[in-house]
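Please look at the sequence and the structure shown here, and keep both in view while reading the report that follows.

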Amino acid sequence: MTEYRIGELAGVSGVTERNIRAYRERGLLDPPCRRGRGAFYDDHHLAQLETINQLLAKGFTSAHIVAFLDGIRRGDALTDVLGVQPAWAERPVAVDALSTSAQRLVRHGLARVANGRVAITDPAVANAVGAADDPEHSMRVIADVLDSTRHLIDGLAAQTAAALRAGGYFRPGIRQAEDLAKRVVAGRLRAALEDHLASPEVTPMEAGGY
């Protein structure tokens, strides 16, 4: 992979050094790799600058581009990246809108009731429930998981945010550390869940002292 100093990156990208620094400070451009006192960019940064140029040419503002790139870095769905949830993305479910499971999902913000029908508003949950042989059972499982973990998840989020702030890693407009923390926490949670599901049943107290 080709490496560039900032002047070289400016030459091949057509973006001035001043703008490269500004993009970096605003969170549009990922930080360079630092070795000693040197800062080096690579083809990844060049591709980012090309994307930024294209979006600017289409009339996007810097704030819009930051939000767009942050969503791409997190791996968000396109609807989340664009900040829209079109009604056609909702999937109606053939269950009683007044059922306990449906109402629980509504309270968790994952569904809504319109014209007597339940519509799942989260695309991932909609796909899972829609593909299930028993949608009512799937909705009950989802609601049980959310009821059991919401306080723990909120506590985990609070501790993660506190660690970022205590370490001086959180700065408004600079999202790389925040995105990294989200990926690490999500990955560890996924691995831990797989381990627990593969192990003999344990109580929450035995698993983590909660």
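## Overall picture

Of the 210 residues of the protein, 29% count as buried, where buried means under 20% relative accessible area, exposed means over 50%, and partly exposed lies in between, with a 1.4 Å probe and protein chains only. This is a predicted model, in which local features need pLDDT of at least 70 and side-chain atom pairs count only at pLDDT 80 or more, while totals for chains, interfaces and linings use all residues. Residues are numbered from 1 along each chain as its sequence is written, and side-chain values use heavy atoms, with hydrogens and water left out.

The protein has ten helices and six strands; these are DSSP runs numbered from the N terminus, with helices (H or I) of at least four residues and strands (E) of at least two. The protein exposes about 13,700 Å², of which carbon and sulfur atoms supply 56%, and these accessible areas come from the Shrake-Rupley method with a 1.4 Å probe, for which, in the case of residues, only the protein chains shown count as cover. Among contacts between residues at least 6 apart in sequence, 54% join residues at least 24 apart, a contact being heavy atoms within 4.5 Å.

## The sheet and the hairpins

Three strands form an open sheet in the order S1-S3-S2, with antiparallel pairing; two strands pair if DSSP finds at least two bridges between them. S1 and strand S2 (33-35) stand at the edges, each with a single partner strand, so one side of each is left without a neighbour in the sheet. S3 is mostly covered, since five of its five residues are buried. From S3, Gly-38, Phe-40 and Asp-42 point one way, and Ala-39 and Tyr-41 point the other way. This can be compared with a general rule: in a regular strand the side chains alternate between the two faces of the sheet.

S2 and S3 form a hairpin with two residues between them, and Gly-36 in the turn has a positive phi of about 65°. Another hairpin, of S5 and S6, has two residues between the strands, and there Asn-115 takes a positive phi near 55°. The table lists the pairings.

| Strands | Sense | Bridges | A pair of opposite residues |
|---|---|---|---|
| S1 and S3 | antiparallel | two bridges | Tyr-4 and Tyr-41 |
| S5 and S6 | antiparallel | four bridges | Val-113 and Val-118 |

## Helix H3

At 1.5 Å a residue, the 15 residues of helix H3 (residues 43-57) should span 21 Å, and its end C-alpha atoms are 21 Å apart, which agrees; the expected span is 1.5 Å times one less than the number of residues. Asp-42 caps the N-terminal end of H3, with a side-chain oxygen 2.9 Å from the backbone nitrogen of His-44. After H3 comes Gly-59, whose phi is positive, near 95°.

Which residues of H3 are buried? They are His-45, Leu-46, Gln-48, Leu-49, Ile-52 and Leu-55. The buried residues of H3 pack against strand S1 (3-4), helix H1 (6-13), helix H2 (17-26), strand S3 (38-42) and helix H4 (62-74). Gln-48 counts as buried because its relative accessibility is 10%, and Gln-48 touches Leu-28, Leu-29, Asp-30 and Arg-73, not counting residues up to four places away in sequence.

## The nonpolar cores

A nonpolar core is a set of buried Ala, Val, Leu, Ile, Met, Phe, Trp, Tyr and Cys residues joined through side-chain atoms within 4.5 Å. Of the 18 residues in the largest nonpolar core, Leu-9, Ile-20, Tyr-23, Leu-28, Tyr-41, Leu-49 and Ile-52 touch the most other members. The elements that give two or more residues to this core are H1, H2, H3 and H4. Apart from this core lies another, of 14 residues, among them Val-95, Ala-111, Val-118 and Met-139.

Tyr-41 has contacts with residues including Thr-2, Glu-3, Ile-6, Arg-24 and Pro-32, again not counting residues up to four places away in sequence.

Definitions and conventions: A polar contact is a pair of N or O atoms within 3.5 Å; within protein, one must be able to donate a hydrogen and the other to accept it, and residues adjacent in sequence count only if both atoms are side-chain atoms.
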